[in-house]
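Trainee: Could you show me how to read salt bridges in a model like this one? I would like the general idea and then the case at hand.

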Amino acid sequence: MNEPADTNLASAKQSVIEVLGGRGKKALFATELLAGLRRFNVEKAEMDQALAELEAQGAVVVRDNFCADPHLAEVDLRVIALLEPARGDDSHVAALHEIDLAWNKWLGEYLANHRCG
């Protein structure tokens with residue numbers, strides 16, 4: 001990897017952490033994260049690479065969700081949460097809990113308002 005690519009990835013990773021840490025929400029859908037990254041000029045491919053590295057480093061949890069609705073076949077349903085090192089051993093469990101809260105809220109609203117027909 002060359003130096004500009006390393007710098008871009010490092011910048012994208014920092015931007016991901018800033019967006020995830022600076023929101024009132026504890027977990028964000030990938031689409032929400034990408035929208036927040038626009039102000040940093042981070043594109044989807046850069047976000048995906050940054051997320052992969054941050055997840056491997058234990059800085060974030062990424063959960064890929066599934067909904068059998070054919071209207072959602074191509075929709076990115078990943079939900080991401082930042083791990084909070086201050087929570088120690090409970091950090092991963094807390095992140096998964098926040099992901100579940102975000103997913104369940106969205107899914108409930110989606111199912112209550114969407115009609116396939």
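This is a predicted model: local features need pLDDT of at least 70, side-chain atom pairs count only at pLDDT 80 or more; totals for chains, interfaces and linings use all residues.

Trainee: Is R78 buried or exposed?

Mentor: R78 is buried, because its relative accessible area of 15% falls under the 20% cut-off. The residue is found in strand β3, which covers residues 78–82.

Trainee: What else does the side chain of R78 meet through a polar contact?

Mentor: The side chain of D48, at 2.8 Å. R78 also touches residues beyond four places away in sequence, including L28, F29, M47 and V62.

Trainee: What is the general idea behind such pairs?

Mentor: Side chains of opposite charge can pair when their charged atoms come close. In this model, the count comes to 7 salt bridges.

Trainee: Which residue forms a salt bridge with D76 at 4.0 Å?

Mentor: That is K44, with 4.0 Å between the closest N and O atoms. D76 lies in the loop between β2 and β3 and K44 in helix α3, so the pair ties together parts 32 residues apart in sequence. K44 counts as partly exposed, at 39% relative accessibility.

Trainee: Where do K105 and E109 lie?

Mentor: Both are in helix α4 (residues 91–113), 4 residues apart, or about one turn of the helix. K105 counts as exposed at 55% relative accessibility, while E109 is partly exposed at 41%.

Trainee: Which residues are joined into one network?

Mentor: K44, D48, D76 and R78, through salt bridges that share partners.

Definitions and conventions. Residues are numbered from 1 along each chain as its sequence is written. Side-chain values use heavy atoms; hydrogens and water are left out. Helices (H or I, at least four residues) and strands (E, at least two) are DSSP runs, numbered from the N terminus. A polar contact is a pair of N or O atoms within 3.5 Å; within protein, one must be able to donate a hydrogen and the other to accept it, and residues adjacent in sequence count only if both atoms are side-chain atoms. Contact means heavy atoms within 4.5 Å. A salt bridge is a side-chain nitrogen of Lys or Arg within 4 Å of a carboxyl oxygen of Asp or Glu. Buried means under 20% relative accessible area, exposed over 50%, partly exposed in between (1.4 Å probe, protein chains only).
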